[in-house]
Amino acid sequence: MPERVIVVSGPGEVAIREEEPGPLRPDTYRVRTLYTGISAGTELSYVKGTNPYLSAGWNADLGLFQPGEPAAAYPVNRLGYMEVGQVTESRTPAVTEGTIGAMVYGHRTGYLADPLVDRFVPLPGDLDPLLGIYVAHMGPICVNGLLHAAADLFGPDVRTVGDGVRGRRVAVTGAGVVGLLTALLARHHGAASVVVLDPTPTRRAVAAALGLETLDPGPLTDSDQGFGDPAVLLKTRWAHGPGDRGADVVFQCRGQGGALRLALRLVRPQGTVVDLAFYQSGAEQVRLGEEFHHNGLTLRCAQIGRVPRGLAPTWDRERLSGETVALLRAYGELVAEHLVSAIVPFDDGPVLLADLAAGRRQELQVVLAC
């Protein structure tokens, strides 16, 4: 039967296209999609037309965006990276028929895979397959954030993913999926305190349902010097010594300049902000001449394309997925109940994506069911 694929032909233009499946060749296997999760950051940027790859060239050798031919163009035929599928046919000993696993191949009802090209992470039998949407890519993004905090303390001598949070005071700005999973990871790995800050009441309610402490950052004004300022509150609570107050590490997980400004205000002198956010516009609210300069802060970007320098041989993507599975085994029921806000049929995906991008619908984590 034809496979159905969600494609973006232009800003706000999302549709389903049918493709004839390719033949099962030697050393390949075929997967039937069970679930595919929607990322509210990366893939919606293609629906909105705000992804930087659409407007500039990317020089991979120089690591620079440059004028010229855009690195990506419409139609975008591969959208999404949170798939769970079951192997229906296999002509490779690497993958067994019937196995359910997490993969990254975009929103489509089926996929012909090559084990030398495509990652397949088998899901343990005691894990709800729905939670597998986080195992191949989204969960490793969050684990990599903690790994950067560990490397900030220990360099390449990191032993566990909890090395950067164990026994420490942790703040997380942003209660989207990345922020909530990162906060759970910090608590799971022994943080002394974890506080999640987000201006949206419904998202703070989800964080609270997961057992996390929350704060409303509120509108920050230049004259706000009282306890309505979360930086004042947390720095009053978290004392390390004279002139040394605040979070040991802040995970910045909201793609807005105001959230980064808040993160820099929350961290203690010479502390580190680990940034997992994807900014699609400017950051005019960031004031690098204020706390960043006077407190001698560090800002580290944790991007899933790379683990901290020196850790690649021991912290590959499979290990990051393994840490994700361990987290989901510990908190899976809560994550399924509170993080996944909607499960909709695959055929409703185009309308849903367009509505999310236009702000007509608000969801925390949407999953398309095939």
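## Aromatic cluster

Tyr53, Trp58 and Phe65 are linked into a cluster by ring pairs. Rings of Phe, Tyr and Trp (its six-membered ring) pair if their centres lie within 6.5 Å; planes under 30 degrees apart count as stacked, over 60 as edge-to-face and the rest as tilted. This is a predicted model, in which local features need pLDDT of at least 70 and side-chain atom pairs count only at pLDDT 80 or more, while totals for chains, interfaces and linings use all residues. Residues are numbered from 1 along each chain as its sequence is written, and side-chain values use heavy atoms, with hydrogens and water left out.

By the ring rule the count comes to five aromatic pairs. One of them is the tilted pair of tyrosine 53 and phenylalanine 65, at 5.6 Å centre to centre and 55° between the planes. Because tyrosine 53 lies in the loop between α1 (42-48) and β4 (57-59) and phenylalanine 65 in strand β5 (residues 64-66), this pair ties together parts that are 12 residues apart in sequence. Helices (H or I, at least four residues) and strands (E, at least two) are DSSP runs, numbered from the N terminus. Tryptophan 58 and phenylalanine 65 also form a tilted pair, with 4.7 Å centre to centre and 50° between the planes.

Buried means under 20% relative accessible area, exposed over 50% and partly exposed in between (1.4 Å probe, protein chains only). Tyrosine 53 is partly exposed at 31%, tryptophan 58 is partly exposed at 37%, and phenylalanine 65 is partly exposed at 40%.

## Parallel sheet

An open sheet of six strands has the order β12-β11-β10-β15-β16-β17, with parallel pairing. Strands β12 (213-215) and β17 (298-301) stand at the edges with a single partner strand each, so one side of each is left without a neighbour in the sheet. On average, neighbouring strands of this sheet are turned by 25° against each other, direction ignored.

Strands pair if DSSP finds at least two bridges between them. Strand β16 (residues 267-275) is joined to β17 by four bridges, and the two run parallel. Valine 274 stands opposite arginine 300 in β17.

Helix α3 (residues 177-188) lies across β10 (169-173), β11 (193-197) and β15 (247-252), and runs at about 170° to β11. Axes are lines fitted to C-alpha atoms, for helices over the stretch in contact, and angles run from 0 to 180 degrees between N-to-C directions; contact means heavy atoms within 4.5 Å.

In helix α4 (residues 201-209), the residues Arg204, Val206 and Ala207 are buried. Seen down the axis of α4, its buried residues fall within an arc of 155°, so they line one face of the helix; the arc is that of the directions from the helix axis to the C-beta atoms. Elements covering these buried residues include α3, β11, β12 and α8 (317-339). The face of α4 turned away from the buried side carries the exposed residues Pro201 and Thr202. Just after α4, glycine 211 takes a positive phi of about 90°.

## Strand β8

Strand β8 (residues 110-113) directs Gly110 and Leu112 one way and Tyr111 and Ala113 the other way, and all are buried. Four bridges pair β8 with strand β3 (residues 29-37) in the antiparallel sense. Valine 31 stands opposite tyrosine 111 in β8.
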